[in-house]
Amino acid sequence: MRPDLCLEYAGRRYGLRGPWVLRGVDLTVAPGRLVRVEGANGTGKSTLLRLLSGIDAPSEGRITGRPRTAYVPERFPPALPFTAVGYLTHLGTVHGLSRTAAARAAGEWLERLGAAAYADTPMARLSKGGSQKAAVAQALLAEPELLVLDEAWTGLDTGARAELERAVAERTAAGGSVVFVDHDPRRLAGLPDATYAVRDGSLVPCDVAGPLPSGPHVTVEAQGPPDGRLPDDVRRAVTSAEETAPGSYRLTVPVPRSDALLRALLAARPPWHVVSVAPRADTPGSGR
Ligand SMILES: Nc1ncnc2c1ncn2[C@@H]1O[C@H](COP(=O)(O)OP(=O)(O)OP(=O)(O)O)[C@@H](O)[C@H]1O
């Protein structure tokens, strides 16, 4: 079976001394999963999708389990020296289809997206919407194991938007994974298996099921690298995190989550040192 695609402590900055756009991002995308990524403008959503799609590499951390991937970028280069069908056929062969199969798939996707009429139009002369349909078709025609969509619905007409939603459902039903960013919060509403927000360089889950457990808590003192950020899965598990010195944190976690927290600290790259674990002062029976 195809392995999960995993980002492990992935970080990206542009230029050797540029600010970190993303840092310490841990993310697993399993086959068949639909994942939504949200975030304000400029927070790093496209940066994350470029890492997921494999067209960019992390500045630190690593990515494992690369599936056969197709990507609809936020900005599609329109001035390509092909007709729409010629371009798609060429891309299909790049994705491993025979020329005949690629031409057939190109025609089918142009038809489905309502673009058959401009199959023979040079790419450079396509309208913005027509160009976006070509961008979507190139990603769908070889039935990728991972489909990465960066604002792919933008510029499409109503029919093509619905067709892309259907295509997403078809991919996940066939065991493919889909990761998408879209500015419309209603896009595929209720369908994603997971939703994350990019915030302050981290990836934060938006759909943690239910409130944090109440009841007894423990306090964990942990020490990471001096410029270390708390790993995302640690941030996810805790009720509060207080930085007491550079790289030193006092973490409060409900008892049922404490094992997961300790595992996450020890599995972090580089690993964090667990200095102490104690019942929280106000936890009954703590004697403090
Ligand atoms: N190739 C690049 N070179 C330098 N800086 C870049 C590059 N690509 C992105 N950035 C910077 O990284 C930050 C995140 O950009 P990114 O496009 O990933 O954000 P985004 O959340 O997708 O934004 P938007 O919602 O506006 O599309 C921005 O500050 C941007 O200027």
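This is a predicted model: local features need pLDDT of at least 70, side-chain atom pairs count only at pLDDT 80 or more; totals for chains, interfaces and linings use all residues.

Biologist: How many residues of strand E6 are buried?
Modeller: Five of the five residues of strand E6, residues 146-150, are buried, so the strand is largely enclosed by the rest of the structure.

Biologist: And which residues are on each side of E6?
Modeller: Leu 146, Val 148 and Asp 150 lie on one side, while Leu 147 and Leu 149 lie on the other, and with all of them buried both faces are covered. In a regular strand the side chains alternate between the two faces of the sheet.

Biologist: Which way does E6 run against strand E5, parallel or antiparallel?
Modeller: E6 and E5 (residues 69-72) run parallel and are joined by four bridges, with Ala 70 standing opposite Leu 147 of E6. Strand E7, residues 177-181, is also parallel to E6 and is joined to E6 by five bridges, and there Val 148 has Val 179 as its bridge partner.

Biologist: What do E6, helix H5 and E7 make?
Modeller: Together with helix H5, which covers residues 158-173, the strands E6 and E7 make a right-handed β-α-β unit.

Biologist: Switching to the ligand, which residues are around it?
Modeller: The residues around the ligand include Tyr 14, Val 21 and Asn 41, the run from Gly 42 through Thr 43, Gly 44, Lys 45, Ser 46 and Thr 47, and also Glu 74. By class, the shell has two nonpolar, seven polar and two charged residues.

Biologist: Which helix gives the most to that shell?
Modeller: That is helix H1, residues 45-53, which gives three residues to the shell around the ligand.

Biologist: Is H1 mostly covered or mostly open, and what comes just after it?
Modeller: H1 is mostly covered, with eight of its nine residues buried, among them Lys 45, Ser 46 and Thr 47 as well as Leu 48 and Leu 49. Just after H1 comes Gly 54, which takes a positive phi of about 85 degrees.

Biologist: Last topic, what are the domains, and how many residues are in contact between them?
Modeller: The domain assignment gives domain 1 as 5-204 and domain 2 as 217-279, and their C-alpha centres lie 34 Å apart. Nine residues of domain 1 are in contact with seven residues of domain 2. On the side of domain 1 that touches domain 2, strand E2 (20-29) supplies the largest share, four residues, and the residues of that side divide into three nonpolar, three polar and three charged.

Terms used
Residues are numbered from 1 along each chain as its sequence is written. A residue is buried if 20 or more other C-beta atoms lie within 10 Å of its own, exposed if 12 or fewer, and partly exposed in between; C-beta atoms are placed from the backbone. Helices (H or I, at least four residues) and strands (E, at least two) are DSSP runs, numbered from the N terminus. Two strands pair if DSSP finds at least two bridges between them. A crossover is right-handed if, with the strands pointing away from the viewer, the path from the first strand over the helix to the second runs clockwise. A residue is near a molecule or strand if its C-beta atom, placed from the backbone, lies within 6 Å of it. Ala, Val, Leu, Ile, Met, Phe, Trp, Tyr, Cys and Pro count as nonpolar, Asp, Glu, Lys and Arg as charged, and the others, Gly among them, as polar. Domain bounds come from an automatic or database domain assignment. Two residues are in contact if their C-beta atoms, placed from the backbone, lie within 7 Å.
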